[in-house]
Amino acid sequence: MTDHSQWGRVGEDGTIFLRMPDGEERRVGQWAAGDPSAGIAHFSRKYSDLVVEVDLAARRLKGGLASPEQVEAVCGRLKDVIAEPAFLGDIKALSDKTDALLAAAARRRTELTEKREQVRKETAQKRADIAAEAERLASSTQWKSTHIRFRELLDEWKALPRNDKATEKEAWKRFSKARSEFDKGRRVHLAELAEVRERAGVVKDGIVSRAEALASSTDWAETSRTFRGLMDEWKAAPRADRDEDQLLWTRFRAAQDTFFKARNAVNAKQNAVEVENLAAKLALVEQAEALVPVKDEKRARDVLRTVQDKWEDIGPVPRSDRSAVERRLRVVESKIREAENERWRRTDPAALARAQATADQFQSAIERLEVQIGKAVAAGDERKAADLGASLDNTRSLLAAAQSAVAEYSGGS
């Protein structure tokens with residue numbers, strides 16, 4: 001505890017005197033409890049307590065824990081205490097600290113007033129912004145998202161501080177009017193939607209009834225197409241009430257599943273048969289392919305005809321294998337047909353006659369050339385004999401080719 005004895009004294013009768021700033025002494029109390037120094041310490045503690053009170057009020061003001069009004073009340077009480085001192089200490093320093101605290105409270109009051117004004121302006125602007133956004137959303141047809149946004153705007157409005165009732169009232173009128181306009185449009189939309197859903201329920205119930213009537217059909221191809229058409233109709237129809245829509249969809253899928261499970265069972269059985277058919281046709285194809293290259297056209301044709309007859313008696317094969325197996329058989333058919341055409345060409349009498357006539361013509365030409373060469377040699381015309389010799393060699397080559405053709409045609413008969 002600070003000793004403030006320099007600011008006063010204890011008189012012989014126990015009176016406590018405080019030295020004032022002007023040097024005069026002022027009676028501030030009486031000490032009759034014994035040792036004068038104890039009296040000095042007692043009245044010094046009172047001063048220290050006042051200093052602590054001022055410092056504490058200053059810290060609370062700075063930290064926002066005390067309002068300017070609360071601090072001013074403390075200062076007012078201190079002013080009263082200073083005016084009628086009952087302590088020992090630097091009364092001027094305490095008075096200065098109190099004045100400084102009052103000035104700080106005044107500055108804080110000004111700051112708070114400015115801040116409140118700023119908050120008031122910002123709040124008014126935020127409310128105006130909310131009202132403006134609400135007015136922009138009033139005609140929106142994005143019913144779900146806009147409805148959610150209006151709830152968010154209302155929550156934002158409620159979270160704002162309350163001030164400036166007139167401005168707030170005006171902004172609220174704008175916001176409320178816009179929200180009411182949107183809600184009215186939304187109610188009309190929901191009513192129309194309810195009507196559409198009711199009609200959709202009727203339409204989809206009709207689709208389901210037709211699907212259920214087809215569930216036991218065994219006309220697999222036509223009914224499959226019909227079910228695809230019904231699915232397209234379902235997708236094109238608007239949604240009914242959620243629960244009703246789900247119930248109708250369950251019935252529709254059940255009818256579909258009944259038909260397609262039956263069809264798939266038949267197809268599975270048919271597929272097994274087609275696999276067996278494929279094995280049989282592959283065996284026939286291999287038998288036919290063994291005929292190539294064709295050595296005996298007649299036998300090849302007979303075997304092929306037998307293969308084709310058996311082929312027709314066998315049922316269909318899997319679609320994925322159909323083209324390949326049929327193509328292999330067609331290749332054999334083509335090879336046998338080519339062999340038959342070639343044999344006919346070689347055994348054609350007209351062709352043999354034409355080949356023989358050509359050979360005879362070349363033989364006659366050779367004989368004429370040989371006579372002409374003999375005459376040229378006899379006449380001593382070596383050049384002519386040489387030219388005629390070259391023609392003779394060429395004609396003999398042509399004769400050989402013609403005779404080969406005759407032999408070919410004759411060998412086939």
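Modeller: Strands β2 (residues 15–19) and β3 pair antiparallel over five bridges. This is a predicted model, in which local features need pLDDT of at least 70 and side-chain atom pairs count only at pLDDT 80 or more, while totals for chains, interfaces and linings use all residues. Residues are numbered from 1 along each chain as its sequence is written, and side-chain values use heavy atoms, with hydrogens and water left out.

Colleague: What makes β2 and β3 a pair?

Modeller: Two strands pair if DSSP finds at least two bridges between them; β2 and β3 have five bridges, so they count as paired. Within this pairing, L18 stands opposite R26 in β3, and R19 has E25 of β3 as its bridge partner. A strand is a DSSP run of E with at least two residues, a helix a run of H or I with at least four, and both are numbered from the N terminus.

Colleague: Why are β1 and β3 called edge strands?

Modeller: The open sheet has three strands in the order β1-β2-β3, paired antiparallel. β1 (8–10) and β3 (25–30) each pair on one side only.

Colleague: What is the direction of helix α1 relative to β1?

Modeller: Helix α1 (residues 36–62) packs on the sheet and touches β1, β2 and β3, its direction making about 140° with that of β1. Contact means heavy atoms within 4.5 Å; axes are lines fitted to C-alpha atoms, for helices over the stretch in contact, and angles run from 0 to 180 degrees between N-to-C directions.

Colleague: How do you know where confidence is lowest and highest?

Modeller: pLDDT is the predictor's confidence in each residue, from 0 to 100. The protein averages 89, and 97% of the residues score at least 70. Helix α11 (residues 382–411) has the lowest confidence, at a mean of 82, and helix α4 (residues 143–159) the highest, at 94.

Colleague: Which peptide bond is cis, and where does its proline lie?

Modeller: The bond from V292 to P293 is cis, with omega near 5°, and P293 is in the loop between α7 and α8 (297–313).
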